[in-house]
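Good morning, and thank you for making time for this item.

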Amino acid sequence: MKKRIPVTVKTGDRLGWVENAMTAYPPDQFLTGLGMAPDRKKAERRSLTELEKPFALNISGRTKMQIEALGAFPESLSRETHKLSVKCADRALKVAISHGRVADVFTEKTPAETFYALAVLDRHACVNQLRPMITGMDHQLQEWVSRFEKADVTMHPSDGYALIDAFLCREALDAALAAATSGGKGVPLPVQPETIGRLLRKK
């Protein structure tokens, strides 16, 4: 998360607060997460959790789909692939959510004290960090695939793990990028997962 900026708790009309917050953080420029709880810290944690959800869902769905697209592997490689997918998903989520912060807090005193926290994430800043990371990994993937497609080049187990890791981390980051863009689009994948799967099964 970004460095915490002190946020003053506001009071008054809750609907007015929500309306003002949506005006200040328009959805085409910001992703938002709203949390509510009897105490402020819990409300803030919930707002950040809500902010993470679209990223986590996108990343989880993409990595699962691409693992299936790679095809069947021996059990040991399959286990390693799933371990790498978890690591890549965690990393991509942390990178994306690093642009999130609690921007506004409101409290109602009656009928019982309730805090409302609004977490926001700047779409543009997030995209500007993720896109260069993805394009850099794309160049690396293309180089590796070109190398391993040569008939006289043998892929060692460590090469296979590195290739899977790069591919899944690239796809996790791209899924985060798609969640951050208002149009839901990422960077087109330059190497198909079926090609990578074939190379990993190459004898």
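I start with a pair of helices. In this predicted model, helix α3, residues 75-97, packs against helix α4, residues 123-148, at an angle of about 145°. The axes of the two helices lie 9 Å apart.

Which residues of α3 and α4 meet? From α3 come R91, V95 and A96, and on the α4 side they meet C126, Q129, L130 and M133. By class, the residues of this contact comprise five nonpolar, one polar and one charged.

Helix α3 also takes part in the largest pocket, as one of the elements that supply at least two residues of its lining. The others are α5, spanning 157-180, and α6, spanning 193-200. The largest share of the lining, three residues, is contributed by α5.

The space in this largest pocket amounts to about 280 Å³. In total, 13 residues line the pocket, and those nearest its centre are P74, L77, P157, L200 and R201. How does the lining divide into nonpolar, polar and charged residues? Seven are nonpolar, three are polar and three are charged.

Finally, a word on confidence. The protein has an average pLDDT of 89, and 91% of the residues score at least 70. Helix α2, residues 40-70, has the highest confidence, at a mean of 95, whereas strand β1, residues 9-10, has the lowest, at 66.

Notes. Residues are numbered from 1 along each chain as its sequence is written. This is a predicted model: local features need pLDDT of at least 70, side-chain atom pairs count only at pLDDT 80 or more; totals for chains, interfaces and linings use all residues. Side-chain values use heavy atoms; hydrogens and water are left out. Axes are lines fitted to C-alpha atoms, for helices over the stretch in contact, and angles run from 0 to 180 degrees between N-to-C directions. Helices (H or I, at least four residues) and strands (E, at least two) are DSSP runs, numbered from the N terminus. Contact means heavy atoms within 4.5 Å. Ala, Val, Leu, Ile, Met, Phe, Trp, Tyr, Cys and Pro count as nonpolar, Asp, Glu, Lys and Arg as charged, and the others, Gly among them, as polar. On a 1 Å grid over the protein atoms alone, a cavity is a set of points where a 1.4 Å probe fits but cannot get out, and a pocket is an open set with protein on both sides within 12 Å along at least five of seven lines; lining residues have an atom within 4 Å of a point. Grid points are joined across faces, edges and corners, and a volume is the space filled by probe spheres set on the points. pLDDT is the predictor's confidence in each residue, from 0 to 100.
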